[in-house]
Every structure is written in structure tokens, then in C-alpha cells.
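Hello,

My notes follow below it.

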Amino acid sequence: MRICRTSSSAGALIATVWCLISAPLAAQARLTQEEALRLAFPLPATVERRTAFLTEDQLARARELAGPDVEVTSRVVTYYMGHACASSAPCGLSGPPLGVAYFERHRVRTLNEVLMFVVSPGGRITRVDILEFLEPPEYRASPRWLGQLLGRGLDDALSLKGSVVNLTGATLTSRAIVRASRRVLAVHQVVAPLATPRP
Amino acid sequence: MRLIRWRRAGMALAVTAWCTSGLLAQERDTTEIARLKAQIEAITREIEELKLGREVVARADTAQFGLGPAASKVYRAPEGVSLGGYGEVLYEHFRAAREDSQPSQRTNQLDALRLIAYLGYKFDDKFLFNSEIEFEHGSTGRGGEASIEFAYLDYRLSSRLGLRGGVLLVPMGLTNELHEPPTFLGTTRPLTEQVIVPSTWRESGLGVFGDLGDLAYRVYLINGLDAVGGGTSAASGFGGSGIRGGRQNAARALAEELAGVARLDYTGVLGLTVGGSAYLGNSGQNRTVTTTGGSVDLGARTLIWEGHLTYQWRGLDLRGLFAMATVDQAAALNVARSLTGAASVGERLRGWYAQAGYDVLRTTRVGHQLVPYLRYERVNTQDRVPTGFAANPANDRRIVSVGAAWRPIGNVALKVDYQFHHNEARTGISQLNANLSYLF
């Protein structure tokens, strides 16, 4: 009887340890751009790469939309449009748009992170993924924190002064991500990918 | 007739030549456009790679862009070294008179309180080194010091479980681990988190940490406090004003007695953190003391526990903490430390504070923050003393802080507050403080 108890306790201990160490290393997990796009637009959707070249006026407009403390510097904007595909046969790019994915690299504290934002045809954020995060893991935004950005459009509420809750103990991370989301949505409005004919 | 034929032939030839040259030119244009498109595509890919990094843009093992199976990842060795830091300068202007109207005899002070250099190194995705080196009070030649605030090695087995070893920040309270001045309100740390949870409190040890969904935990085994101090110990020992002097700060720490500390935080609601922590260990460091009853092994078991809460929502910043500590064999400890009367070590110490602030610039489009705040705090480091000793009423303190923090950017803060100090002996000295701090 004692042996049974001992072995069941040992079994429980082993199971607990296994449970703890078998979880994915989310805090350090990295994605390539390709993997992130596949998560955003799963098969059989197709993905189209496009680049927009902003005029000076468009750049100024994007800056204005993004807000006073958000830098918008690049005139070359590459984005990825996901297209729905009804069949499993190879599809072209004629399916209805699922959304537009933008990739963002910015500094958090002294090191960078790379994010993917997916914007819906309605101009709202539908997905945020961290592709790379080089700061110590304790500064990384949790999926729950990132979740509060979903469904948001470009308005005054999208700021730490608005309705975005700060990331306790990682203020610089939350600030950087909110700025990035404003930048992406501002550029998205200016580029208007869903209204732009295919080049 | 022959002339007409020649003319017709010549015209046909001219038309054919003209048509052919047009087609050839069109074909050349099409080829040229395709070539330019390919060049632009290549340039934009190069730009994207420069912006995002080669490793992010790198393709997985797939033939078709974006749609194939990503069987393997192309990961580089991560950027290793990480630098950062923070610092603060504190001005303290004391009232000339105490509560009881006697002269306070305190001198106003302007102190380069802290300058911290943060240095980290990521060996790979599992091994990470993290450290903070602290310079206090401007110069080691003028009473300041240079210290290792923490220096540990992490090995992350998964997001749920990691191993940590080295010089560790004891995971207690709200300030000890997150003590960068721009991140909290108040020109000084709450007194409860100085004398009961003796921030900044670091000791050597090892432990485990991780996240279980909305729960974050840390469990460490560290060298215990030294309640007696003196001799080869870096500690000065416990006293009537608290247990802060028991810290060994990882400096040739006596490790005759080890201690355990555990912390659990719930972060399941955005903006809310609620949790608690407990420390338990003997602080006698295997000493004996001779009392009137004979020789006694000085265990001086010390239990410190605290519960805390922070909540940030739409400009509102709330936090509160309750902490209590109990020290066994306080009477024997008094003998070991030659403490008598009201100088006794507290058998029980108790403190709490509640604080609220609100960003009054929240609704403006100005990037700055201006956060008036109020903190109320009660601390008694001799909440109970052993039989035969008395409590010093000056250790039963009440502090009300009223002030404001201005953050022009998130990394910089200028805080000004007035602290009303009261104690049961009516010897409290109120003060005006200004604190300039930064982090990067």
C-alpha cells in the first residue's frame, strides 16, 4: 500500500514537472515573417505582397493621423494582403480580401522587437503577433495584454492615456506597441490598400 | 507596268518593316518594364529585410511564399548584450521644528541617490544573464557605495518553469523588484517597503519562476537575514526601527541559516495585479547567546509576509500593500545585540499603505502626464515587543504624502511631494521633497 502511495506521488510529481517544462517557450518564441503570415491567413488563403511609395503629402497625412508622439518616417511601405480562397485548388489573388498584414520593428528599451499587425477590411486591428523580442522576457507583452488592441481603430482611445491599460512593470513595452499600432493604422488609412488596384 | 510592280513591292516592304519595328519596340518596352518591376521588387525586399532583420524575413523551408509548411526555423544567435539604466536625484527640505515644536536639527540635503547601470546578456533562447550595478550617494569616498543590486543567470525550460541562480532580488512587495523611480509615484519609497520589506533587498540563492496562465510565481532559496550582525557579517542586525539592518546584500553573507521565499501574483484582469509573498527563515545564523537562563541557540526565526494590489485604468493609478513580520526569540536577540528598554527588536512589525494618483492630462492630446497623488501610510516596527522591554512610541509612525509627478516622456519624471510625518512620540519631522529620475 505504501509502495502504491509512493509510486503515485512520484507519478504526480513527474507529471507536474512534465506539465511545467512541456509548455512552449512562449516568452522566447520567435516567428519568421512567413510563419506569421500563415498564422494570419491560413490555407487555402493566398497572400499578395505589395509595396506603396508614399508621396510627401501622404507621409505628412500619416504623421498627422498617427499623432504627435508617433514617428512615421518611411515612405516605402510593404504590406501583405490576404485573399480568401474557396477551394483547395490553387487560387489566384482574386478572392475577397481577408485583411492586410504590416510588419513593424521598433526599439523597446535598448533592443528591438518585431510585430505583425493585421488590419481588417474595416480598418481595425484583428491580430497582433510578436515575431521577435530581444529584451529580457519579463518586459514582453503577454497575449492578454496584446488582446486589448484587437478590434481597435485609429482614434483617441488607442493610447495609454485613452483606454489602453498600461503593462505593469513594462511601461516602455506598452508605449512602444501602442505607438506602433497607431503608426500602422495611420499608414493603412493613407495607403488604403483595399481601395488601391493591384499594381 | 514593271514600275508599278516595283512600287507595290516597295510599299509592301516599307509597311512590313514599319510593323515589325513597332512590334519589336513594344516587345522591348514590355521587357524593360518587367525588368524594372523585378528590380523594384528586389529593392523593396532588401529594404524590408533591412527594416525587419534578416532572420525575421528569412523564409522557412517552403517553396511557395507564405503558404508552404514551415518545418524549420532560421534563427540566428540573438543580439547578446543589453544595456540600460536609471537614476535619481533627491532634494529633501526638512521642517525646522518637529511635531512637538522642538528644533528638528535636520539639515536640508540634495543627494545623487542612485545611478544604476543595467547589463544583460542573452546566451541563447534559454540562457540569460541579467544584472544591475548600483552607485549610491554620488561617491564612495563620501559615504556612498557601489553594489551589485542583482546578478543572476536564468535557464528557461518553458514559459511555465525557469531556473534562476545568483544574486537575486527578494521577490516581496511592490517596490523591491520594480524600483525604477519613474515607474512609481512618490519621491521616496514607502516606509513599509524600507523597514519591513527592506527594499532594496537582494541576497544570493537559487530558485524557480514561471507563469501559469494568469498566475506568475517565484520560489527561491536564499541566505537568511542576519539579525545580530557585526563581526564578519556585512549586516548590522535587527533593531527597534526594523529589520533592514539584517540584510546581508550578498556580501560574504553568513549562510549558516537559509531561508525560503515565495511569491504569487494574479494578473488575469487587465491593469490589475494582486498577489502576496512570504519569507521564512532563521536569522540567528547559528549563533548562541548567553542569557540569565543560560546558553541559548539563537534561531530568531523570521517570518515576513505581505499582500499587495495595483490597479491602473484610464489615468487612475492605485496601489496598496500590507506587510507584517514576526521575529522569534526577540528577547534573546536583544541580549545578543545589547539592546535594552525601548531599543528592543520588535517581536512583531506591521505596516501598510494605500496610494492613489490620477493623470489630469489624460484627456488632452499632450504627451505629458501630470499625476497628483496621495499616499497614506502606517508603520510600527515595534507593534509588539518581548516581555521586559518597551516600545518606543517614535516607531509608531503615520505618514501622509501629497504631491504630483510630471512625466514629460515615460522615461523621465519630476516628482514633488510634501510628507507629513507623525509619530506617537510627537517627534515627527515633516519634509518637502523633489525627485528627478530617469530610466532607459
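**Chain A**

Read from the N terminus, the elements of chain A follow the order α-α-β-α-β-β-β-β-α-α. That comes to five helices and five strands. Helices here are DSSP runs of H or I with at least four residues, strands are E runs of at least two, and both are numbered from the N terminus.

Before going further, the ground rules. This is a predicted model: local features need pLDDT of at least 70, side-chain atom pairs count only at pLDDT 80 or more, and totals for chains, interfaces and linings use all residues. Residues are numbered from 1 along each chain as its sequence is written, and chains are lettered from A and ligands numbered from 1 in the order in which they are written.

Of the 199 residues in chain A, 43% are buried. Buried means 20 or more other C-beta atoms within 10 Å of the residue's own; exposed means 12 or fewer; partly exposed lies in between; C-beta atoms are placed from the backbone. Contacts are pairs whose C-beta atoms, placed from the backbone, lie within 7 Å. In chain A, 59% of the contacts between residues at least 6 apart in sequence join residues at least 24 apart.

**Cores and helix α5**

The largest nonpolar core holds 56 residues. A core is a set of buried Ala, Val, Leu, Ile, Met, Phe, Trp, Tyr and Cys residues joined through C-beta atoms within 7 Å. A:A101, A:L115, A:M116 and A:F117 have the most contacts inside the largest core. Helix α5 of chain A (residues 171-191) gives this core its largest share, eleven residues. A second, separate core has 44 residues, including B:M172 and B:L225.

Back to A:A101. Leaving out residues up to four places away in sequence, A:A101 touches A:L37, A:A40, A:Y79, A:Y80, A:G82, A:M116 and A:V118.

α5(A) is mostly covered, with 19 of its 21 residues buried. Its end C-alpha atoms are 30 Å apart, which agrees with the 30 Å that its 21 residues should span at 1.5 Å a residue. The expected span is 1.5 Å times one less than the number of residues. Just after α5(A), A:A192 takes a positive phi of about 50°.

**Chain B**

Chain B has four helices and 18 strands. Its radius of gyration is 34 Å, well over the 22 Å from the globule rule for 440 residues, so chain B is more spread out than a compact globule. The radius is taken over C-alpha atoms, and the rule is 2.2 Å times the number of residues to the power 0.38. The C-alpha trace spans about 150 × 45 × 45 Å along its principal axes.

Chain B is divided into domain 1 (2-57) and domain 2 (140-392), with bounds from an automatic or database domain assignment. The C-alpha centres of these two domains lie 76 Å apart.

Which strand holds B:R287? B:R287 sits in β10 of chain B (residues 287-291). B:R287 is buried, because 21 other C-beta atoms lie within 10 Å. B:R287 and B:L298 are eleven residues apart in sequence, yet 5.4 Å apart in space, C-alpha to C-alpha.

**Confidence**

The average pLDDT of chain B is 88, and 94% of the residues score at least 70. pLDDT is the predictor's confidence in each residue, from 0 to 100. Over residues 60-77 of chain B, pLDDT stays under 50. For the complex, the predictor gives an ipTM of 0.71 and a pTM of 0.81.

Regards

Methods: Two residues are in contact if their C-beta atoms, placed from the backbone, lie within 7 Å.
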